[in-house]
Each structure stands twice: as C-alpha cells, then as structure tokens.
Amino acid sequence: MSEVQANMELDCRGLNCPLPILKTKKAIESLNSGDVLKMVATDPGSINDMNAWSKRTGNELLSSEQTGDEYVFFIRKK
Amino acid sequence: MSDTKKMALIASRGELDWAYPPFILASTAVALDMEVQIFFTFYGLTLLKKKIDAKVAPHANPSMPMKMPFGPKSFKNIEWPIPNLISSNLPGFNDVATSLMKKTFESKGVASIEQLRDICVESGVKMVGCQMTMDVFGFTKDDFIDGVELGGAATFLEFAAEADIQLFL
C-alpha cells in the first residue's frame, strides 16, 4: 500500500481526539474526488475513529498501518 | 428527505469538564456528515458566552484525579489527595485546579473549548439558547456569540423527534 501516491499529507502527530478526525475532514474537503490523502497520527484511538469516519462519510480508507508509535492512513476521497 | 443523520444534544452544564462533550460530539458529528443542533439550557448557557470562563469543580468530586501537568513522568503520575477541607475552603482553589487541568489538556494535544466551539460554529452546528433560562439568569442575546438562535422546549423537541441520536449532557 505504500505504493499509493498521496496528493496531500496531513500531520496529526501529538493531537488527541477529536482533532485528527476534524483535520482529516477539512483536508479531504480541499481535495478533488479520487485524490488520496495521507494522514499520520499518534493517537491510538485514531484507528477505530478513522474506520468509523470512513464508513460514515464514504471516503475510502485504503490502508491503516502502525509503525512504531505512529499510525499512517491513506484515504481516497469519494 | 435525505438520509443525513441528525444529532440533537442538550447541554445543561457549565463546568470545564462538562463543556467538552457537547462540542467534541458536535464537531465530530459534522465531520461524519451529520446535522447537529445543540440546545443550551441552565448552566450550559454559559458555554455560549463570548468568553467562556468554565472551571472545574474538584470539591465533592471524589473521582477527579489531581495530577500535575509538568515535571518528570513519575512526578506527573502522582495522584495528589486533596482533602475536601481544602478544596471547598481555600480561596482560588477552583482556579488553580482549572489552570492545572487546562495545562494537562494542552500538553496531551487536546483542543481548547474555544477552538472546538469555533469549529462547531464554522461548520454549521445550530446553537439554540433556552429563552426561559436566559430570562432566569439575566442573559441577553448580546452576551452570546453570533449565530445563536433562541427557543424553548418545543424547538428542541421538533428537531429531536427527527434526530437519530439524542443526548442529554
């Protein structure tokens, strides 16, 4: 999945609930349909939260991976 | 009718710890493409004031941990037992506890109440002030941030009847 080319990167390291979701939402709004957003967070709750957000909004969660203390998400805008 | 989910909240408390849930839930719900209305009543009305001065009230709250927001980790993890005698009688204790909690929130990357409220306003969360409790407490619309609408129980119930989520906070 690391082959996916992101159109935008969003750094949510150090932020706690609900800021990663709110910033992701804002970032997605600035993209075009089909664009990919890469988001990096350190909040362990963001795994479930990003799943829920993707499910509700219809923006596709291409991957969510943990590397060390960081969580990396790739999202394709619907 | 669209299939947009709706959430109706009642915010009835004005302490700092109670100020968070309505604004966290409302801002997140909007991020999840929901439509949100918050009905502010009784002490919740103070969350609509231009400057929020919500404080924490440690007195008579035995479940509240008192920890320090600074120093090495071992120091931060100490729970300070604060006797009620101090928390209820020492002038300014609420202010100290409030400032400690705000510092802890900040160091944990938690948004401030003002920040979350701004996001709610910008993203179209409908804020309704309870007219009756405004009269009781002597608030006018000028005390509140722009965009607040006024209404009563019927206003809340009309929206809540169509809402998928209703919470009293």
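In which loop of chain B is the place of Phe42(B)? Phe42(B) sits in the loop between β2 and α2 (73-76) of chain B, where helices (H or I, at least four residues) and strands (E, at least two) are DSSP runs numbered from the N terminus. Its phi is near 45°, a positive value in a residue other than glycine. With a relative accessible area of 39%, Phe42(B) is partly exposed; buried means under 20% relative accessible area, exposed over 50%, and partly exposed in between (1.4 Å probe, protein chains only). Asp33(B), which is not a glycine, has a positive phi of about 65°. Asp33(B) belongs to the loop between α1 (16-31) and β2 (35-40) of chain B, and at 33% relative accessibility it counts as partly exposed.

The model is predicted, and local features need pLDDT of at least 70, side-chain atom pairs count only at pLDDT 80 or more, and totals for chains, interfaces and linings use all residues. Residues are numbered from 1 along each chain as its sequence is written, chains are lettered from A and ligands numbered from 1 in the order in which they are written, and side-chain values use heavy atoms, with hydrogens and water left out.

Chain B contains seven helices and five strands, which follow one another from the N terminus as β-α-β-α-α-α-α-β-α-β-α-β. Along the principal axes, its C-alpha atoms fill a box of roughly 55 × 35 × 25 Å. Of the 169 residues of chain B, 41% are buried.

In chain A, four strands form an open sheet with mixed pairing, in the order β1-β2-β4-β3; two strands pair if DSSP finds at least two bridges between them. The edges are held by β1 (8-12) and β3 (60-67) of chain A, each with a single partner strand, so one side of each lacks a neighbour in the sheet. Strands β3(A) and β4 (residues 70-76) of chain A run antiparallel and are joined by seven bridges. Within this pair, Ser63(A) has Phe74(A) in β4(A) as its bridge partner.

Two helices of chain A lie across the strands. Helix α1 (residues 19-29) of chain A lies across β1, β2 (36-41) and β4, at about 160° to β1(A); axes are lines fitted to C-alpha atoms, for helices over the stretch in contact (heavy atoms within 4.5 Å), and angles run from 0 to 180 degrees between N-to-C directions. Helix α2 (residues 46-57) of chain A lies across β2, β3 and β4, at about 10° to β4(A). In the loop between β1 and α1 of chain A is Pro18(A), joined to Cys17(A) by a cis peptide bond with omega about 0°.
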